[in-house]
Amino acid sequence: MDERTLKALVAAGAVRNVSIIACGARFHVEARTPNGAITAETRKGKVKTWVTLDAAAKWVRGLGVGGAHVNLTHWQPGQREMLV
């Protein structure tokens, strides 16, 4: 789901919580709604990712969310990206 739609869901109170999830050396954001989890996407439909935790947190704060869960289970800061 893109940023504009996520902001609208947050404003409507449909987002229960937000998680910043590490995968390899990058982070992505998931929002939990009554209908299930929604992953933040770019306008082209790809998963939106960040290189640093603070960049992801700033983006979440820009949505209007004051708190987020951070999952670092699969964080590998030294891992190089795989080009597809």
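Two strands pair if DSSP finds at least two bridges between them. Helices (H or I, at least four residues) and strands (E, at least two) are DSSP runs, numbered from the N terminus. The model is predicted, so that local features need pLDDT of at least 70 and side-chain atom pairs count only at pLDDT 80 or more, while totals for chains, interfaces and linings use all residues. Residues are numbered from 1 along each chain as its sequence is written, and side-chain values use heavy atoms, without hydrogens and water.

Strand 1 pairs with strand 2 and with strand 5, as tabulated.

| Strands | Sense | Bridges | Bridge partners |
|---|---|---|---|
| Strand 1 (residues 17-24), strand 2 (residues 26-33) | antiparallel | 7 bridges | asparagine 17, arginine 32 |
| Strand 1, strand 5 (residues 69-75) | parallel | 5 bridges | isoleucine 20, valine 70 |

Strands 1 and 2 form a hairpin, with 1 residue between them.

The axes (lines fitted to C-alpha atoms, for helices over the stretch in contact) of helix 1 (residues 3-12) and helix 2 (residues 53-63) come within 9 Å and cross at roughly 55°. Contact (heavy atoms within 4.5 Å) involves Glu3, Leu6, Lys7 and Val10 of helix 1, and Trp59, Gly62 and Leu63 of helix 2.

Within helix 1, the side chains of lysine 7 and glutamate 3 form a salt bridge at 3.8 Å, N to O. A salt bridge is a side-chain nitrogen of Lys or Arg within 4 Å of a carboxyl oxygen of Asp or Glu. Because lysine 7 and glutamate 3 lie 4 residues apart in helix 1, about one helical turn separates them.

Note on methods: Axes are lines fitted to C-alpha atoms, for helices over the stretch in contact, and angles run from 0 to 180 degrees between N-to-C directions.
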